[in-house]
Amino acid sequence: MIAERVGKAVRCPAKDTLLSHATAATGRGRGFAVHEAMDRVGALVGPLTVAGVLALSGNAYGPALGVLAAPGAAVPAHRWAAR
């Protein structure tokens, strides 16, 4: 738990700095609000998705972890295709 809190203390200032530069044109308040909203939605939808996949697959963790890995794999693919 301590390592998680220390990691968050290191990540958050850098994330906030990047977010403030990225949202300069649209408005920093709106940018931070959208970021927080997406964070909350992900915190709700992620566990519900895993629970649903576990229920449908008969408590098999492989498919549930695969569903979680899909968005992570899609981001680099999208970035690569946008070049």
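Which residue takes a positive phi just after helix 2? Just after helix 2, G58 takes a positive phi of about 70°.

## Basis of the model

This is a predicted model, in which local features need pLDDT of at least 70 and side-chain atom pairs count only at pLDDT 80 or more, while totals for chains, interfaces and linings use all residues. Residues are numbered from 1 along each chain as its sequence is written, and side-chain values use heavy atoms, with hydrogens and water left out.

## Overall form

The chain holds 3 helices and 0 strands, and from the N terminus on its elements run α-α-α; helices (H or I, at least four residues) and strands (E, at least two) are DSSP runs, numbered from the N terminus. The radius of gyration of the chain is 17 Å, whereas a compact globule of 83 residues would have one near 12 Å; the radius is taken over C-alpha atoms, and the globule rule is 2.2 Å times the number of residues to the power 0.38. Along its principal axes, the C-alpha trace spans about 45 × 40 × 20 Å.

Of the 83 residues in the chain, 10% are buried, where buried means under 20% relative accessible area, exposed over 50%, and partly exposed in between (1.4 Å probe, protein chains only).

## Helix 2 and its cover

The 29 residues of helix 2 should span 42 Å at 1.5 Å a residue, and the end C-alpha atoms are 41 Å apart, which agrees; the expected span is 1.5 Å times one less than the number of residues.

The buried residues of helix 2 are G31, V50, V53 and L54. What covers these buried residues includes helix 1 and helix 3 (61–81), with contact meaning heavy atoms within 4.5 Å.

## The loop at T23

T23 has its place in the loop between helix 1 (2–22) and helix 2 (28–56). Because its relative accessibility is 7%, T23 counts as buried. Leaving aside neighbours within four places in sequence, T23 is in contact with R28 and G31, and G31 is itself one of the buried residues of helix 2.
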